[in-house]
Amino acid sequence: MSTLLLALRNLLRNRRRSLATLLTMVVGLTAILLFGGYRSNIQYGSLTGFVQFTGHLQVQRSGYFEEGSDNPAAYGIRDYAALMARLRQDAQLGPLLNEVTPALQLGGIAGRFAANVSRSVLVNGVDAAARNRMLRWNEYGVVSYAQPLALEDRTADSVVVGQGVARKLRLCGLLPVGMPCTQPAADSNTSHGGSDNTPAELAALSQQEAVPAGAGAAANRIELLAASQRGAPNVASLRVVKATNMGIKALDDLYMAMHLQQAQALVYGRDTPQVTAILLQLHRTADIDKARPRIRTLLAQHGGGQDLTVLDFRQLNPMYEQTSQFMDSMFGFIAMLIGVIVLFTLGNTMSSAVVERTSEIGTLRALGLRRAGIRRLFLCEALLLGLAGVVLGVLAALAVAALINNSGWRWTPPGYAYAYLILVRVGQDLPLLLGSVSGMLGVTLLSAWWPARRAARQQIVDALRHS
Amino acid sequence: MPTVHLVDVCKTYHLDSVAVPALSGISAAIQPDCFTVLAGPSGSGKTTLLNLIGGLDRADSGRIEIAGQVLDALDDDALSDFRARHIGFVFQHFNLLPVLSAYENVEYPLILAGVSRAARRQRVRDMLAAVGLAERMDNRPGQLSGGQRQRVAIARALVGRPALVLADEPTANLDSHTGAEIIALMRRLQREHAVSFVFSSHDAQVIAAADALLPLCDGRLQSMQEGAA
Ligand SMILES: Nc1ncnc2c1ncn2[C@@H]1O[C@H](COP(=O)(O)OP(=O)(O)O)[C@@H](O)[C@H]1O
Ligand SMILES: [Mg+2]
């Protein structure tokens, strides 16, 4: 206790220097925490987005992900419904699962003869109700940008497309007001489908999202050309009910969702329908490592000899790992830089303190304080500064984070088609808080180590002569 | 048994390859309950000898025994503990800790010695009263005069009830009137506490007050003389 008191009094003795050092630590820690919170928000945000969309784990035929994304015929999973039931009902796996749902992905060409335009698309045949439940998953409580899939309770021929697809197909009425879109050139000249393309009707379409097939619906009809299982071309007449912003531009320009049965009819016709993936969404991301081996076991037992594999969301979305690693390395770099600055600032403060107090060190030693006591005194001094810096730094970071989070600032990350809110997750990110705080205290002790050691090692008589 | 027993103690300093002999062949015994003065001109080796006796520095050769303990046998930690328990120091520059009050400065050796808080309180108050500073115990050294600081230092040296108090020219930084008061105070406390005091000085006032005199010149002891008691 006397060490603590001495350390505290000595810190107060040179207030200006102590304050300057403290400020360095507070600013440094605030910067680390804010950037860390920003990184954390991006990582949890993108994780949530990917998991909402693709699930935590997917069962696919081996090789499908690398080779066959547009060739469902070659990579279909047979008897998928029975397999899904096995997964759901498993005593170990079942409780971990939030949702299990099938998907059929295929490539096709969407065309709109009314506008003389066509566009290749990636079609997702989905169970809309299950997908909408998946979109509500939000383990980390992030701001979720997912909009419900507008297919639920819609007619069998309904489809939803990315806004990029809608623009390419000149479905201008489905796009938000103000988004650039070339009106179909064909409209004024050649009239294919009678009088269904008048500008007035197009304008009305922008509000027609919830309107079922009605007056202007014909304007949103498209044809989809896809290859059937047997290689023959197959055409479906579909109705675009909504153009949705998919976030990532590359996806936005390709995306089309339809009811699973519709997609299966396109590919398998009257044959037994299959799917290309079974999506599994867990309640908790941390359960992936528990769930995966169990799924493998179940697939081996009940997969009917099909060569099935399990992929997690990281494998399914390489962009997640890339973004994550980029943010991690940025964070590491910034943290290291600040760590070095604090190390030298505090090291310098402690070295000056040791030099200034040389004769006091001699006095304390003469009175019978051991070398370790001197070392403890200076380490204690640094640690007190460090603790004050950590407490103030965390408070400052929380305050600035609250300011930023309430500012409503937005930005569009490279490659994205959506402006995201700039948010920092400091308070909710315990590993970040604990890591930064203990890192800062570690740096504090490290920087005081050498000065403290030098103080303790001085010869008493030399130190006393300093008076 | 003498409080301090020196046998053939030598100490040489080395300044860049030049050897400066500070003490050669010092043998002496300092009796308990005695006011002993180490007299000699500047540079004669008084500080060096006091540092060796106080266990602040090590001799090159010879044997130093304090209160029955051979100092050379102790490692650094044990020597620190030994100082805390058996030796009090009074310095020329007072050497109080500036961030502690008079009370806390006097209390500090007792904390090192592991004395309980309640016992410390009584002893510190008594000691400060004995040096006439009961009213100033909350003052920091910066708020005290030189004479008052040295009184605090004397209280600090005595509060742990050491066998031996070492004072290296304790009046050198005081005016002669204050110096005389300090000497009188030390003399009185030395009797009251029945402790051995060893002093260095070239001040006739101090030498006159001594029980025993150790005259030092060029690092050698001249001869043992009994002073006027
Ligand atoms: N640290 C040191 N390094 C070199 N020489 C020293 C050192 N300390 C003292 N000396 C020398 O040793 C001799 C004795 O010094 P000291 O013990 O300080 O004498 P006094 O206290 O009687 O003035 C002097 O010649 C002094 O110059
Ligand atoms: Mg001297």
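Modeller: Start with the side chain of A:R465, which has a polar atom 3.0 Å from a nitrogen atom of ligand 1. This is a polar contact, a pair of N or O atoms within 3.5 Å; within protein, one must be able to donate a hydrogen and the other to accept it, and residues adjacent in sequence count only if both atoms are side-chain atoms. The model is predicted: local features need pLDDT of at least 70 and side-chain atom pairs pLDDT 80 or more, while totals for chains, interfaces and linings use all residues. Residues are numbered from 1 along each chain as its sequence is written, chains are lettered from A and ligands numbered from 1 in the order written, and side-chain values use heavy atoms, without hydrogens and water.

Chain B also reaches the ligand. A polar side-chain atom of B:T48 is 2.5 Å from an oxygen atom of ligand 1. At B:S44 the atom concerned is a backbone N or O, at 3.3 Å from an oxygen atom of ligand 1. On its own, ligand 1 exposes 550 Å², and the protein buries 72% of this; such areas come from the Shrake-Rupley method with a 1.4 Å probe, and for residues only the protein chains shown count as cover.

The residues around ligand 1, meaning those with a heavy atom within 4 Å of it, include A:R465 and the run B:P41, B:S42, B:G43, B:S44, B:G45, B:K46, B:T47 and B:T48. B:Y13, B:L15 and B:A22 are also among them. Because residues from chains A and B surround ligand 1, the site is shared between the chains.

Next, the chains themselves. Chain A has 17 helices and 11 strands, counted as DSSP runs (helices H or I, at least four residues; strands E, at least two) and numbered from the N terminus. Its C-alpha atoms fill a box of roughly 105 × 55 × 30 Å along the principal axes. Of its 467 residues, 51% are buried, which is to say under 20% relative accessible area, with exposed over 50% and partly exposed in between (1.4 Å probe, protein chains only).

In helix 13 of chain A lies A:S324. A:S324 counts as buried because its relative accessible area is 9%, and its side chain makes a polar contact of 3.2 Å with that of A:Q43.

Charged pairs come next. Side chains of opposite charge can pair when their charged atoms come close. Over all chains there are 26 salt bridges, each a side-chain nitrogen of Lys or Arg within 4 Å of a carboxyl oxygen of Asp or Glu. In chain A, the side chains of A:D157 and A:R221 form one, at 2.7 Å from N to O. This pair links distant parts of the chain, 64 residues apart: A:D157 is in the loop between helix 5 and strand 4, and A:R221 is in strand 5.

B:R120 and B:E107 form a salt bridge with their closest N and O atoms 2.9 Å apart; B:R120 is in helix 4 and B:E107 in helix 3. B:R120 is buried, because its relative accessible area is 11%. The side chains of B:R187 and B:D211 also meet in a salt bridge, at 3.0 Å. B:R187 lies in helix 6 and B:D211 in the loop between helix 7 and strand 9, so the pair ties together parts 24 residues apart in sequence.
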